[in-house]
Amino acid sequence: MGQALADYTLATRAARESIAAASELIGPRSAEVATGLQLLSQANTFLEQREQAMDNAGQAYAIMLDLHHGDTSHPKVIDSAMYYGRALQFGGDFERAYRHIRRATDDAARVFGSDSRMEGELLGACVLLEIERGDLRRAVASARRSLEIYLAEQEPGKHAAHHLADESEAKERDAADDHRLDEVEERTEADPVPEAEHQRYHA
């Protein structure tokens, strides 16, 4: 709710409460904690809290990577890498940002397909970083391919089956975590849990 209303201070507080409750009820290295940290990082970004955004997204990425045995191509790890890459970009660490987002882009092409919405979104995220690195040819290629994917998504009937499969897979990936986060938030409102400390992550 805080994110939707652009009240990022409220979003920050809600994310912290959810993280603390999830740490207590499920465990400090759980997917629910990682999801909360990603949302907290996003709120940090909008509040221009660069260091906090990078730290929280980095912790989330470390947890997701550990939960999925170092598999960078797992959909949850790809999502987390995108959060982390954007936080690093916002913090001015363009090389590390590009490394994470470019790898996520390549993994997404293998997992979801080279014409998937996720691939298009990640390619779009690569563009500014490639410009920053001076790789203009690749930036133009990424921008063109991202636009092609976006335009294909708008054509009625085109890639419809792939699009539906993409959405179905995304819903299946997120349903369990979303449900458990809702339960955590309800428990937090009834019985607040002190905020947990999290180990800092350095890529």
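Predicted model: local features only at pLDDT ≥ 70, side-chain atom pairs only at ≥ 80, totals over all residues.
Local features need pLDDT of at least 70 and side-chain atom pairs count only at pLDDT 80 or more, while totals for chains, interfaces and linings use all residues. Residues are numbered from 1 along each chain as its sequence is written, and side-chain values use heavy atoms, with hydrogens and water left out.

Of the 203 residues, 41% are buried, which is to say under 20% relative accessible area with a 1.4 Å probe and protein chains only.

Next, select Val 33, Leu 37, Ile 78, Ile 101, Ala 108, Met 118 and Leu 122, which touch the most other members of the largest nonpolar core, a set of 33 residues (buried Ala, Val, Leu, Ile, Met, Phe, Trp, Tyr and Cys joined through side-chain atoms within 4.5 Å). At least two residues of this core come from each of α1 (8-25), α2 (31-46), α3 (50-67), α4 (75-90), α5 (94-112) and α6 (117-132).

Staying on Leu 37, show Ile 19, Asn 56, Gln 59, Ala 60 and Ile 63, which Leu 37 touches when residues up to four places away in sequence are not counted (heavy atoms within 4.5 Å).

Finally, move to Leu 136, which lies in helix α7 (residues 136-154) and is exposed at a relative accessible area of 51%, the cut-off for exposed being over 50%.

Methods. Helix = DSSP H or I, 4+ residues; strand = E, 2+ residues; numbered from the N terminus.
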